[in-house]
Amino acid sequence: MLSLKDVVTHYGSSQALFGMELELGAGEVATLLGRNGMGKTTTINSILGIVTPTSGSIQFEGTELVGQPSFKNANLGIGLVPEGRQIFPNLSMWENLVATSSNHLGMADPWTVDKVFEVFPELATRRSSMGNLLSGGEQQMLAIGRALMTNPKLLILDEATEGLAPLIRQKIWAALEQIKQSGLSILVVDKNLKDLLRIADKNFVVERGRVAWSGTSDQLRADPEVMERYLGV
Ligand code: ATP
């Protein structure tokens, strides 16, 4: 479904990706792991067209994404849950969910507000609360719900559990497992390795702008050297 080949990305004269490679199949969950500043967010931004790679290829279901504006990439069915949530503060929770909802691809059985509430029952009682009055956990659930309401085929989450209490994190991971069951492909960047590895089919460890290691969660757990060297675990 998603294939990155030899992707090189710069910010001005500073190079952030040095030949990034990644393959994600339909219905799979993959992680991008690695220490701070290694290029995980840049990889996501390159996929979405938020930054334009200098060279290389990013194919999504056979369409080349490099050089396309980000709205076109989103319309192909790529949904982003951005770092920092970016909830609209002056819209209600319900308005946040419907403001950008769409079904461009005519997906059967599309996401609705009620389906989002089934995944995140906590949100159902807060539908008229303004975005800026929601707790961090509620905002994160809303950010995921808002992305689902665009009916993506691929959901990308950047640091979705950052700064959240352990109990809330558990709820987010449980929801992602539920979302995975619906057949969506998921690419996730997060630091909570233990929870992530449980739901991931494959993992890509990013080191200085390229993949230093990839494999299944079992393979990663069984490789303490990789865990220690690249992840500091
Ligand atoms: P983190 O978890 O800290 O966000 P990351 O693995 O996502 O780390 P990136 O944010 O992709 O890493 O950063 C990769 C490199 O690109 C780093 O050296 C960073 O300083 C640099 N970089 C990131 N964003 C910019 C930017 N807007 N302008 C210039 N350099 C940037």
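Which residues does Ser-217 touch, not counting residues up to four places away in sequence? In this predicted model, the residues that Ser-217 touches on that count are Leu-197, Ala-200, Asp-201 and Asn-203.

## Ser-217 in helix α9

Ser-217 has its place in helix α9, and with a relative accessible area of 5% it is buried, because anything under 20% is counted in that class. A polar atom of the Ser-217 side chain lies 3.2 Å from the backbone oxygen of Ala-200, and Ala-200 is also one of the residues that Ser-217 touches.

## Helix α10 and its two sides

Helix α10 covers residues 224–231, and within this helix Val-226, Met-227, Tyr-230 and Leu-231 are buried. Seen down the axis of α10, these buried residues fall within an arc of 100°, so they line one face of the helix. An α-helix has 3.6 residues a turn, so residues three or four places apart point the same way.

The buried residues of α10 pack against several elements, namely α8 (193–199), α9 (217–221) and the strands β3 (29–33), β9 (202–207) and β10 (210–215). On the other side of α10, by contrast, Pro-224, Glu-225 and Glu-228 are exposed. Just after the helix comes Gly-232, which takes a positive phi of about 65°.

## The surroundings of the ligand

The residues around the ligand include a run from Arg-35 through Asn-36, Gly-37, Met-38, Gly-39, Lys-40 and Thr-41 to Thr-42. Tyr-11, Ala-16, Glu-159 and Lys-191 are also found around the ligand.

A polar backbone atom of Thr-41 is 2.7 Å from an oxygen atom of the ligand, and a polar backbone atom of Gly-39 is 2.9 Å from a ligand oxygen. With Asn-36 the side chain is involved, one of its N or O atoms being 3.5 Å from an oxygen atom of the ligand.

## Thr-43 in helix α1

Thr-43 lies in helix α1, which spans residues 40–48, and with a relative accessible area of 0% this threonine is buried. A polar atom of its side chain lies 2.7 Å from the backbone oxygen of Gly-39, a residue that also belongs to the surroundings of the ligand. Leaving aside neighbours within four places in sequence, Thr-43 is in contact with Leu-4, Leu-17, Met-20 and Leu-32.

## Thr-9, Thr-54 and contacts across the sequence

Thr-9 lies in strand β1, residues 2–11, and counts as buried at 0% relative accessibility. Its contacts, with neighbours within four places in sequence left aside, include Ser-14, Gln-15, Ala-16 and Leu-17, as well as Thr-42, Ser-46, Val-51, Thr-52, Pro-53 and Thr-54. Thr-9 and Ser-55 are 46 residues apart along the chain, while their C-alpha atoms are separated by 7.2 Å.

Thr-54, one of the residues in contact with Thr-9, is found in the loop between α1 and β4 (55–60). Whereas Thr-9 is buried, Thr-54 counts as exposed at 51% relative accessibility, because the cut-off for that class is over 50%. Thr-54 touches Val-8, Thr-9 and His-10, not counting residues up to four places away in sequence. With His-10 there is a polar contact between the two side chains, at 2.7 Å, and although Thr-54 and His-10 are 44 residues apart in sequence, they are 6.7 Å apart in space, C-alpha to C-alpha.

## Positive phi values in two loops

Most residues other than glycine have a negative phi, and most peptide bonds are trans. Asp-109 has a positive phi, near 55°, and its place is in the loop between α3 (93–99) and α4 (113–119). Asn-151 also has a positive phi, near 50°, and is found in the loop between α6 (136–148) and β7 (154–158). As to accessibility, Asp-109 counts as exposed at 62%, whereas Asn-151 counts as buried at 5%.

## Aromatic rings and charges

The charged end of Lys-115 sits over the ring of Trp-111, 4.9 Å from its centre, and the charged end of Arg-146 sits over the ring of Phe-88, 5.1 Å from its centre.

Definitions and conventions
Residues numbered from 1 in each chain as written. Predicted model: local features only at pLDDT ≥ 70, side-chain atom pairs only at ≥ 80, totals over all residues. Heavy atoms only, no water. Lys NZ or Arg CZ within 6 Å of the ring centre and 35° of its normal. Buried < 20%, exposed > 50% of the residue type's maximum accessible area, 1.4 Å probe, protein only. Helix = DSSP H or I, 4+ residues; strand = E, 2+ residues; numbered from the N terminus. Arc of directions from axis to C-beta. Contact = heavy atoms within 4.5 Å. Near = heavy atom within 4 Å. Polar contact = N/O pair within 3.5 Å; in protein donor to acceptor, adjacent residues only side chain to side chain.
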